[in-house]
Amino acid sequence: MSQPQIKRFSILIFLVCNFLAGTVMAGKSTQYRQWIQEMKSAARGPFSEGIKWYCNDGSIHPPKAYACARHGGGVEHGALGKKALTLRENGYWIANLLAGIDIDKLMNSPDFVDRYNQILIEKYLITADDGWILRKALFYRGAIQEEDEREGARRLLTTMARRKEWIGPRFAGLRIGARMLPHGADTASVQKVRQMAASLAEHDKHFHDLRVKIHGSPDAGDAERVRRYAAKQKNPEKYLALAEEIDRVYQAAPLPQLLRKDARIFSRAHWLQKILNDAAKAYEANPYPEHRYTTTAQLLAKLRDALPRIHSHSARLRVLDLSLATEAENFRQGTALRKAMKTATRQHRINWIRQAATAAYGAGLINKRSLKEAKKSLARLSHQDIPLNTYLKELNYLGRIPGWGTQTLRYQFFESMQKLAGIEPLALHFIQDQLRGSPLLLLSQVLDSLSRDANQLAGVKHKLFGEEIGTGFHALNPGLTRGVLHTKVDMENLQKIRPDGIYVLPETVSDLPPLAGIITAGEGNPLSHVQLLARNLGIPNVTIDEALLPRLQQHDGETVVMAVSPAGLVELDRDSSRWHKYFSRKKNQGSVVIRPDLKKLDLSVRRFIDLNELRASDSGRIVGPKAAKLGELKHHFPGMVANGVAIPFGIFREVVLDKPYKNGKQTVFEWMVKQYVHIHSLPEGSKERADYAETFRAELYDIIMHAKLGRKFTHDLKQAILKTFGTTDLGVFVRSDTNVEDLAGFTGAGLNLTLPNVIGFEGVLKAINKVWASPFTARAFAWRQSHMEDPQHVYPAVLLLRSVSNEKSGVMVTEDIDTGDRQILSVAVNEGVGGAVDGQSAESLRIDTRTSDVRVLATATAPWRRQPSPGGGIVKLPTSGSDTVLKPAEIRQLIDFATRLPKEFPPITDDKGNPAPADIEFGFVDGKLHLFQLRPFLQNEKAQGSRYLQSMDKALQANTRRQVNMKEVPGI
C-alpha cells in the first residue's frame, strides 16, 4: 500500500471510528430514555431486585426481621435493578435514597454538587410527573422507608450547613434542598396519620396502596387522595378523619407563633432572639398586606445574614426552616398585593419591588451586591416627580433582576439539568419551577406593569406575537431579521444550526455557526466574541426571561420576524405580508464586506519575528492585528504585554500555498484560485454551489493540516523561541492572526483558533498546523466567505504568546456599548482565563472614567474558572463564588490605561476613518494589569439605521423629557 493510500485509509478509519462512537452515544441516550419509560410503568419502578437489608458492616441481606441485628444495624429499602445501576454509573443519579447513606463520603466526592442537584431535580420530577420512575414504586411496600429517608436528609442538610460555601455562594442550593427534602422530626401528628392509615389498611385491603404511599412518600396532596377514595365508600367517616389529620399536619402555624417559639429555642443568641421577637411584633402591629409583605421580606434578609453568625449546624438548619415558613407567608401576602395592584400608585409599586428584591436576596436568588445595586436604582425612582427618561432607564435596569435570579440558579443547577434532560427533557423546567413560586414572581409582575406604563407614556412597547409586554426582554444587539424560530436546540450538535434560523439557546456559546438571530435564556455577557461578531454583522440578539419561554415554544418551526431597536425595544412577530417591504431579496447582512488590503500585503517576509519588533502598521502587512497591535502595546506599555514570537503570512505562503498540489505542476495557491472561480460560477444559494464549496473547503483544510514544516522551519523556529523566551520548555498560547480580521468593517472576533498553554517545542510544532488551518473550519469559513472579496487571499499568521496565568480576565470597550458615551467603559470579567470572551456569565460593569463610579449590570455566576495547567492545556476549577471580581485598585488601572491609550497609541478608526472605541482583552495577575489584544469596536450601521428599527424608537426620542408623577395610579 502506497503512502497516500495509507494516509487515506487512516483518515477513513478515523472518520468511521468517530461516526461509530457518535452513533453508540446517540444509541445509548435513546436506550436510556426507553429505560426511564419502562420504570415509569413497572410495578417496582427502579427497584426491580426487590427489597433488601443494607447493614452498616457493608453486608446485604434478604428482607426478614432483624436481618442487620448482628451486623451493626442497618436500613431496609428497595434494591436497584441493573438498568438503574447502569444509569447511575454513567452519571445519571436516579432513584436516590438517603437512608443509611455515608454523608461524609458523599460530600467529599468530586461530583457531590452534581449528585446533590440531581437528587433535588429528581424530587421535582417525582412531583411534576406523577411519580416519574416511582410512579408505581411509591406503592411498593418497603421500597422507601420514610423515617429513614427523613433522617438521612436531615444528616445531609445539617452537614452541608456546616460548610461555608453552602451558606455563601451556594446558599440557594442548600435552601432549596431544605424545602424539597423532608427532614423534620416525626411529630405526634405525623405518627397519628401513620397509625390511622395503618388501621384503615388492616380492615380494607383496597386501601393498602394509599397506606404505602402515606408511609413512604407523604405530602400535602395525600389529603385530597384520601377524600377521593372516601367518596366511593359507604361509610367514609374514618377516611375523612384521616384527611383532616393530614391537613392539620400540613397547615402552617401563624408566623408570629413560629417566630416566638424559635426565639425561645435560641435563648442564648440574644441578637437572634431579638430579630425574631421584633419581627413577630412588627407583623402583628399592622394587618395590611403591604406592611406584612415588608415585614416578611425584611425578615428573610435578616435570617440569611444571620446564618454565618450561628455556630450550631443544626441551628442553622432550623433557621433555614424558619426562613422557608417566612417565605411562604411572604408569598401569601404578595398574592394579596397582586389583587390590589390596579389601585396602587407608581410609588407603592416601586416599594413593592424594593421589598421583593429584599425577599429575593433572603431567599438566596440574588446576592448582596446585586441587592445594593437594585436599591440604588430604586432610590432614583423615589421622588414625587421624575423625568420619563429616568423612569424608563431605571425600570430597564431593574428588569435585570429576574435574570440575576435565573443566573444564580443556573450557577447551581444548570449543568445537572442538562445532564438529566438527556434522559428526561422535563428536567429543563426545574429552574422555571423554582422561580415561579419565589419572590421574583411578584417583582416581575409589578415591574411589568410599570414598564408597560412607562412605554405607554413614551409611546413605545415590546411586542411578543401581537401582545404588548413591559419586561422579559433585554436587548444585546440591534437588528432586523426574519427566519425560522427554533426553540429546541441540541447544544451537542451546533453544526445543525442553519444560517436562516432564529435560535432560542439556553446559553450563549463561543462556537456558534452563522445564524439569523439569537435569543438566550442565559445572558452570558455582551462582550463575548460571539456577541461582538453578532453586533458587527447586525445579527439581533436578546436575552429573555425564562417565564416567556413557553410562549415562544408555541411558535417553534414558524417563520418569524425579530426586530431589536438601537434603544433596546424588542418585537417578535409571525412573518406576514406587512414585513415584505423591510426585506430585500439580498441577505440582510450583505452590507458587511471583507476587503483585505492587498496593496499593503507583503509576503516576502519569511522569518520569525520577536513581538518587540512589531508595530500597529504591520497589521495586514506581514502579520495580523493581534501580533501587530500587541507589539505596539508592548512598545508603549512594556510591563503589561508578555513576550512573543510571530510567524508571518509569508511563511504560511511558502510552507503551504507555494507547494505543488498533489505533486503536480500547479501550486496549491493556483489550484485554490481555480476552485474559487468555479464556485462563483455556480448559482448563488444553490445546493450545487454549497456542496462544491464544502468539498473544496474540506480538502484545503486537510492540505494545511498535513503540510510538512521542514527542517529549516523547525530549526529557525527553535532558535527564535530560545532567543525570545530563553527556553523551549514553557507554555505559550498559540494564536491565529489573519489578514481578514479587525478590518475597518469586520472584526471576525473568535472565529479562528487559539490553543491555550501549549507546553514544549514539539507541542508548538503540532499546534501550528491546527492554527493555520482554523480559518478554514466549516464554522469560520461559513461566517467569513459570504462577506469576502478575493477569498483566495486569506493568510493566517501565528502568534506564540507566553502563557499568563490570569487570576481574572475580561474584555473592555472604551465606550458605553448601549449609549455610545465615550466617558464610560464597558467591562465584562470572570475569574480565570478567557471566560468572558468565550461567553461565560460574567461580571458586567459600566465604569465612569471621570468619577470611577461603577454600575453593576450583572455579577459573575459562572461556576467554573479555567487556569493553565503545569502539564499543558487548561484545567477547569470551581470559582470562588464571590459577589465581586474586579477590585477598586484594578478598576483604577483600567481607567488609567483607557485614559492613556488614545494619547499614546496610534489612532483606532472605523471604516470611514473616524475615531472608534477600542475593544481590549485584559487580565490581572497579583493585581497587575496584563494586555492580550486590542481591536476596534465596530457595530453594524445598517442594523442601527434600519427605518423600521428607527420607527420603533421615534416616539421614545420625542417624549422622554416629560415628567412622571409617581403618586399617580398608572393608566394601564
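This is a friendly chat about a predicted model of a protein.

Me: Hi! What should I know before I look at this model?
Reply: It is a predicted model, where local features need pLDDT of at least 70 and side-chain atom pairs count only at pLDDT 80 or more, while totals for chains, interfaces and linings use all residues. Residues are numbered from 1 along each chain as its sequence is written, and side-chain values use heavy atoms, with hydrogens and water left out.

Me: Okay, how many helices and strands does the protein have?
Reply: There are 32 helices and 27 strands. Both are DSSP runs numbered from the N terminus: helices are H or I with at least four residues, and strands are E with at least two.

Me: And what share of the residues is buried?
Reply: Buried residues make up 55% of the 972 residues. Buried means under 20% relative accessible area, exposed means over 50%, and partly exposed is in between (1.4 Å probe, protein chains only).

Me: What about contacts between residues at least 6 apart in sequence?
Reply: Of those contacts, 69% join residues at least 24 apart. A contact here means heavy atoms within 4.5 Å.

Me: What span should H4 have, and what does it have?
Reply: At 1.5 Å a residue, the 17 residues of H4 (residues 112-128) should span 24 Å, and the end C-alpha atoms are 24 Å apart, which agrees. The expected span is 1.5 Å times one less than the number of residues.

Me: What follows H4?
Reply: Asp130 follows H4, and its phi is positive, near 55°.

Me: Switching to sheets. What is the strand order in the open sheet of five strands?
Reply: The order is S14-S15-S18-S16-S17, with antiparallel pairing. The edge strands are S14 (609-610) and S17 (754-759), and each pairs on one side only. Two strands count as paired if DSSP finds at least two bridges between them.

Me: How many bridges join S14 to S15?
Reply: Two bridges join S14 to S15 (residues 644-647), and these strands run antiparallel. Ile609 has Ala646 in S15 as its bridge partner.

Me: Which helices go with that sheet?
Reply: Helix H24 (residues 649-657) packs on the sheet, touching S15, S16 (731-738) and S18 (796-802), and its direction makes about 120° with that of S18. Helix H27 (residues 711-725) lies across S14, S15, S16 and S18, running at about 155° to S15. Axes are lines fitted to C-alpha atoms, for helices over the stretch in contact, and angles run from 0 to 180 degrees between N-to-C directions.

Me: Which way do the strands next to S8 run, parallel or antiparallel?
Reply: There is one of each kind here. S8 (residues 479-486) pairs with S12 (residues 559-564) in the antiparallel sense over six bridges, whereas three bridges join S8 to S9 (residues 501-505) in parallel. Gly483 has Val560 in S12 as its bridge partner, and Val484 has Gly501 in S9.

Me: What holds paired strands together, in general?
Reply: Strands of a sheet pair through backbone hydrogen bonds, either parallel or antiparallel.

Me: Now single residues. Where is Ser438?
Reply: Ser438 lies in the loop between H19 (430-436) and H20 (439-458), and it counts as buried because its relative accessibility is 4%. A polar atom of the Ser438 side chain lies 2.8 Å from the backbone oxygen of Leu435. Not counting residues up to four places away in sequence, Ser438 touches Glu327, Phe331 and Leu365.

Me: And Ala628, buried or exposed?
Reply: Ala628 is buried, with a relative accessible area of 0%, and its place is in helix H23 (residues 625-636). Ala628 and Leu799 are 171 residues apart in sequence and 9.8 Å apart in space, C-alpha to C-alpha.

Me: Last one: what about the phi values of Phe465 and Lys662?
Reply: Phe465 has a positive phi of about 50° although it is not a glycine, and phi of Lys662 is also positive, near 50°. Phe465 is buried at 14% relative accessible area, whereas Lys662 is exposed at 62%.

Notes. Polar contact = N/O pair within 3.5 Å; in protein donor to acceptor, adjacent residues only side chain to side chain.
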